[in-house]
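This report covers a model with several chains.

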Amino acid sequence: MPQDNRHHKDTQGTSLWRDAWVKLCKNYLALFGLAVLSLLCLVSLLTPWIAPYGYEEQNLLIGASGPSLQHWLGTDIFGRDMLTRIMYGGRVSLTVGFIATAVALLIGVLWGAVAGYVGGRTDALMMRIVDIMYALPFMIFIVLLMVVLGRNILLLFLAIGAVEWLTMARIVRSQVMALRKQEFVEAAHSLGLSQWTIIRRHIIPNTLGPVIVYTTLTIPNVMLLEAFLSFLGLGIQPPQSSWGLLINYGVETMEEYPWLLIFPGIALSLTLFALNFVGDGLRDALDPRTSKD
Amino acid sequence: MLRFALNRLLQAIPVLLIVISATFLLVHSAPGGPFSADKAVPPEVIKALEAQYNLDQPLWQQYVSYLSDVVRGDFGPSFKYSGRSVNELIAAGLPATAELALYAMLVALIIGISAGVAAAMRPNTLQDYLPMSAAMIGICMPSFLFGPLMVLVFGIHLEWLPVSGWGDMPGDKILPSITLGTGYAAYIARLSRGGMLEVLSQDYIRTARAKGLSEPLIIIKHALRGGLIPVVAFLGPAFAGLLGGSFVVETIFQIPGLGRFYVQAAFNRDYTMILGMTIFFATLIILFNLLSDMLAIWLNPKLRHQAGGRD
Amino acid sequence: MKRQESGSIFTLCSVYAFTLLSVLTLSGCGASENNVSAGNRSGTLHWGNGTEPQSLDPHIATGVPEHKIITALMEGLVLKDSKTLEPRPGVATSWDISDDGRVYTFYLRKNARWSNGDPHNAHDYVWSWWRALQPALGNLYAYMYFSIDNAKEYYEGSIKDFDRVGVKALDDFTLQVRLKNPTPYFLQLLDHYSLYPVHRPTVEKFGAADERGTRWTYEGNLVGNGAFQLLEWKINRRVVVERNPYYWDSENVRLNKIVFYPTENAITEERMFRAGQLHYSGTVPADKIAAYQSRKDPALHIDPYLGIYFYRINTRVPQLQDKRVRRALGMTIDRDQITQRILKAGQIPAYAMTPPNTMGYFPESDLQFNPQAARELLAEAGYPNGEGFPVTEILYNTSEGHRKIAVAIQQMWKKHLNIDVKLLNQEWKVYLNSVNVSDYEIARAGWIGDYVDPNNFLDMFLCNGGNNRTGWCNADYDQLILDAAPSAKSHAERLAIFTRAEKMLLEDMPVIPIYIYTSNKLVNPSVKNFSDNILNQPSFKEIYLEAEEEEDH
């Protein structure tokens, strides 16, 4: 029984993680994804020093122009350098993407795991709270938050995190409910392990697969949601930008100035593919059962 | 199972009550009233309008009278569309939205499950990467980009399909359904791949393989049931999301659906309309979540005992 | 792990094949005739109308989309010439104006009918105008009546008896209107929908006369006196009107039907137009204009529009209290750059609040783009080279167009004055609230004329004007607009008074004019007899459709 095998390993310490790392290193696609992500993060970090122009630097005389030697990725309708804007946009998008997703992940996984594991009335109560959150009119909610708390980027994380954890919680809960009746969990029970140990050692590692998959789905979602919220006036304000906003504006002029859509689109897609490869690699590496194959 | 469903329906009542109360407070505290306009509105007019819609009463009184109306199934008059009732507006928008959501769901399920299953059968090969990359593109291609692209290609350049409308011209339902469905197809593909991988490594599948059953038979008879649990858990929220989140697609394709009403209502501070639509959507979300939970239980025999036995 | 390959690839392929096949099969039927060519044959005009109408009651409606539909369904005493906007006979065949310009006598045509065949006469106007002045109705355009003697007093409740208001039916076909002051633009007001008559039996059949939101304007209920009558009103889908056989000029109406589409999204609307689903699109996305211009597309119509885009300055904000600061801000907006590089649709840079040639009025303005002088003014005000100037916010409502202009101005002020400006966009209702309660520093604004007269632009900035919102107040200005102008002896004298007032306004600069609007439209070449005018008000009774010999699609 592979489960027992893993169980056995687990009790010996953190070898699950070391094991996973070894497996991840063998997955070249995942490594490639990791490399791309690191590069993107590095570029974002260094942007203020390496960007060719200022992100707000306008040249209305040039206006929108295609890629050229001066402006490798062209300029937008204000004559601002697109390469610079994409680099600065990446800072915003990556920060929002990672932090808001982390918030959603933390709340969602804990909430779902507790609800699914404890079950009964607690589960019912917790899931009804999720239902309520789902049902509230998101936009009014955002507008109010904006008025009450003022406009800042922290609020953006909060708003996005507050929305994205709901689905995560549902997915984790259904997974946990399925898991807790499995033999190895019941075995752990009969061995007298504490509830918390069981959740930590057995439940959470076994739900990691779907959670990682859903996380890689959430990050792009978060980046686009950020664009929508910024468009509504919450979050970042011009002349700052983000990939989502750049794409948003690019769509409107995609017939006239296609480069305004294509380059930010490529930047976002590249990130997502990299994330996807890393996510899949992690999922496979952390999956206790693949060790046998 | 029946007891489980009844139990959940009973739980829905306090949930709805909280949703109504919270929304009521939210909309009434949002800045900008329903009657503010670009041109200055004379105070006499504001007074007359507020009197007509009972907005001059204390808030708790408005709340009580609103609740008693809702209990009787009356969502009140719309503030913005003078003379229209909220019930009437919801009834006018629902058919298009429901139809769109249904078609989009079909598109999503057919494409998503087949791509996900195909990928899971041979992980880390071309057969995995191709559909999964397509799914990734589907996710990062938001409908506000995918819709216009489809319109440009199929509507304007090839002139195969109408660029807008719903039921006005033959074929005008195709592009919106695909646009809305693709994003969800991508999610379903990823989730079903994950779920299938999980199941395919289980013992009973190995046993089945050892017994020499053919792979398609294993997939269809044994693996799908368990492998689709994550998908099923996602279906409830997804369907609710399709119903409520079709705003972008409805706008791009000029579809007379609920999504447009909802967003317009929020922008217009059409209090009764926001509340009515929220209650309506909340009810749908609760129902769909219940359905998807019931499906998950049905798919997972271990949970079946539990649902019967608890409470 | 060997046999699975063929099976799954088969599934995958079959799904994609199925999808592709279904798209292709269905697209076969998709190749049917488009709206434009079908409409050209049947005389049906397909009109992109902006948004879903909130109401078709002329005494309740306020928006432009509502206006378009209502002018098809109803008519006032006087019409405007579709090109010159000169008054033309409507329900009234002729009128007399007394020598002091205060009494108008209208002679109504005897063959005017309601769309159900009922006779239509002078009493309809007395009743309808009484209705429009009931406060309970919530008519936002009640002020359009205020040039009529005692109308304002009646509306505000200081006069209870409607007989004292200056409107009287002398007999069935003669209507007399007494004005408070000579009002040169009074005839124009009569073509505004807020002064249209409504059919009393129909209104009263569905509720009280002053009851808001009754069902009398619905499909199957509405009775009007215009060239068309309401056939269908499907919410968020379309409003269809058809020719009204009882209309007095029915034999000259050439369209059989008009279909109005609620097209909120300008980009969608433009695509619908290109695909031949619309004859007319009321907006053109700014970035598309260049493409239409470069291929000299005859569909593109760009015309001057009686409206101004401007920034309000909240004069209560400490750093904006000094008029030198406000002038400096106004002098460092490079309006030519904005109109030519960003708006790109022939908008006219504005250096005064009233659009030029408004009833022969040309505002005089000393406002110029002059960064050098502006820097000096700012230095005089205590901010040499922008030093010490607090970060100031430009507020605009969420919209791509407003964003572009704000971004450009933010940069111009930074460059020329070295001051830091933050941009703040708010969703429409939040923005309205902020402006109304003066919770802003500088805010984007726009004003579209209701009628062609400088008064409509200048009376906005009276001390207690509801649309002032800047905190600016000048008693001399009020005196000029409220007392001097109405009692002017001649047109020239009246214009001279407006010139003086406008100079005062620009001198203090509580508002920064930016550009004069243009109305940008796409009109299919098969639409004939379509006239452009500065109110952007189409005359549906004149339009007809005639397919080009060579249909382009």
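The paragraphs below take these topics in turn.

This is a predicted model, in which local features need pLDDT of at least 70, side-chain atom pairs count only at pLDDT 80 or more, and totals for chains, interfaces and linings use all residues. Residues are numbered from 1 along each chain as its sequence is written, and chains are lettered from A and ligands numbered from 1 in the order in which they are written.

Two residues are in contact if their C-beta atoms, placed from the backbone, lie within 7 Å. Helices (H or I, at least four residues) and strands (E, at least two) are DSSP runs, numbered from the N terminus.

Between chains B and C, the contact takes 53 residues from chain B and 50 residues from chain C. Elements giving two or more residues to the chain B side include helix H2 (43–52), helix H4 (86–121) and helix H9 (215–227) of chain B. H4(B) gives the most to that side, with 10 residues.

Towards chain A, 46 residues of chain B are in contact with 39 residues of chain A. Among the elements of chain B that each supply at least two residues here are helix H1 (2–29) and helix H13 (271–299). H1(B) gives the most, with nine residues.

**Nonpolar core**

A nonpolar core is a set of buried Ala, Val, Leu, Ile, Met, Phe, Trp, Tyr and Cys residues joined through C-beta atoms within 7 Å. A residue is buried if 20 or more other C-beta atoms lie within 10 Å of its own, exposed if 12 or fewer, and partly exposed in between. The largest core has 319 residues, of which Met277(B), Leu73(C) and Ile258(C) touch the most other members. H4(B) gives the most to this core, with 18 residues. Beyond four places in sequence, the contacts of Ile258(C) include Trp47(C), Phe228(C) and Phe540(C).

Glu364(C), by contrast, counts as exposed because it has 11 C-beta neighbours inside 10 Å. Glu364(C) lies in the loop between strand E13 (348–349) and helix H12 (371–380) of chain C, and touches Thr499(C) and Lys503(C), not counting residues up to four places away in sequence.

**Confidence in chain B**

pLDDT is the predictor's confidence in each residue, from 0 to 100. Chain B has a mean pLDDT of 82, with 95% of its residues at 70 or more. Among its elements, H14(B) has the lowest mean (52) and helix H3 (residues 59–71) the highest (90). Over residues 307–311 of chain B, pLDDT stays under 50. Where pLDDT is low, the predicted coordinates should not be read in detail.

**A sheet in chain C**

Two strands pair if DSSP finds at least two bridges between them. Four strands of chain C form an open antiparallel sheet in the order E4-E5-E7-E6. E4 and strand E6 (167–171) of chain C each have a single partner strand, so one side of each is left without a neighbour in the sheet. Five bridges join strand E4 (residues 92–97) to strand E5 (residues 103–108) of chain C, and Ser94(C) has Tyr107(C) as its bridge partner in E5(C). Tyr107(C) in turn has Thr174(C) as its bridge partner in E7(C).
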